[in-house]
Amino acid sequence: MPQPLIAPSILSADFARLADEMLAVKGADWLHVDVMDAHFVPNLTLGLPVVQALLKATTTPLDCHLMIDDPDRWAIGYAEAGAYNVTVHVEAARDPVALARDLRAAGARAGLSVKPDTPLEPHLETLRHYDTLLVMSVEPGFGGQSFIPEVLEKVRTARRLVDTGHLQVLVEIDGGINADTIDAAAEAGVDCFVAGSAVYGADDPARAVRALREQVIVATPHRAWAG
Ligand code: DX5
Ligand code: ZN
């Protein structure tokens with residue numbers, strides 16, 4: 001049944017037990033994997049070899065969020081490995097249209113992400129080539145930061161364009177999503193909610209996923225969810 005998508009971010013999981021941590025959120029729609037290179041963002045996480053191992057350990061679609069320089073060179077490997085969705089940053093990509101084409105040709109969905117201070121308007125044409133728009137609601141780099149509500153204006157813009165048939169993207173939000181902030185994101189029109197600390201910081205992560213999804217459904221009783 002169509003429903004809001006919840007994507008736990010394994011950035012907040014125990015990195016020594018990633019396979020178990022992925023199982024701990026059974027029922028999640030996607031698993032969000034934050035790839036950081038210590039250049040595009042001031043943090044270093046994991047790369048392609050770990051993603052290849054994660055793909056063998058789960059059947060849940062992997063949503064790879066590449067916070068790296070030169071995604072034109074590196075993103076394709078994640079698509080070829082079998083990631084379901086590969087998101088690159090518009091601030092880092094040299095030729096985002098060609099990049100989207102290559103990601104799709106390799107069998108992945110193509111995602112484009114914008115940092116909190118990056119406006120959407122200059123990139124609307126580019127977005128036509130993408131499947132997902134990832135609106136960052138914190139500065140990329142670390143989990144557990146506070147939600148920046150001003151980014152919801154970009155969500156509203158994207159939602160309007162999608163609902164009027166001018167754009168075909170799934171709208172995803174990432175950063176500071178928890179029980180206190182998810183209603184506002186849902187009301188603005190988000191389709192897919194990334195949550196790191198709100199899921200892995202909970203006593204029962206699988207239950208936290210269900211609770212967040214239920215909260216979105218209650219907050220937006222008139223939304224028709226994409227199938
Ligand atoms: C931040 C990452 C997020 C992070 C979100 O740069 O892109 O995916 O894991 O964590 P929370 O939900 O704790 O803000
Ligand atoms: Zn992320």
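User: How do the residues of the lining of the largest pocket divide into nonpolar, polar and charged?

Analyst: This is a predicted model, where local features need pLDDT of at least 70 and side-chain atom pairs 80 or more, while totals use all residues. Residues count from 1 along each chain, chains are lettered from A and ligands numbered from 1 as written, and side-chain values use heavy atoms without hydrogens or water. A pocket is an open set of 1 Å grid points that fit a 1.4 Å probe, with protein on both sides within 12 Å along at least five of seven lines, and lining residues have an atom within 4 Å of a point. Gly counts as polar, and the lining holds eleven nonpolar, eleven polar and three charged residues.

User: Which residues are closest to the centre of the largest pocket?

Analyst: The largest pocket has about 260 Å³ of space. Of its 25 lining residues, the closest to the centre are G143, G144, D174, G175 and G176.

User: Which elements each supply at least two residues of that lining?

Analyst: The space of this pocket is taken by ligand 1. At least two lining residues each come from β2, β8 and α8 (197–200).

User: Which element gives the largest share of the shell around ligand 1?

Analyst: The ligand is surrounded by 20 residues (a heavy atom within 4 Å), and S9, G141, D174, G196 and S197 are the closest. By class, eight of the shell are nonpolar, ten polar and two charged. The largest share, three residues, is from β2.

User: How far is an oxygen atom of ligand 1 from a backbone N or O atom of G141?

Analyst: A polar contact pairs N or O atoms within 3.5 Å. The side chain of H65 has an N or O atom 3.3 Å from a ligand 1 oxygen, and for the backbone of G144 the distance is 2.8 Å. For the backbone of G141, the distance to a ligand 1 oxygen is 2.7 Å.

Key: A polar contact is a pair of N or O atoms within 3.5 Å; within protein, one must be able to donate a hydrogen and the other to accept it, and residues adjacent in sequence count only if both atoms are side-chain atoms. A molecule sits in a cavity or pocket if more than half of its atoms lie within 2 Å of its grid points. Helices (H or I, at least four residues) and strands (E, at least two) are DSSP runs, numbered from the N terminus. Grid points are joined across faces, edges and corners, and a volume is the space filled by probe spheres set on the points.
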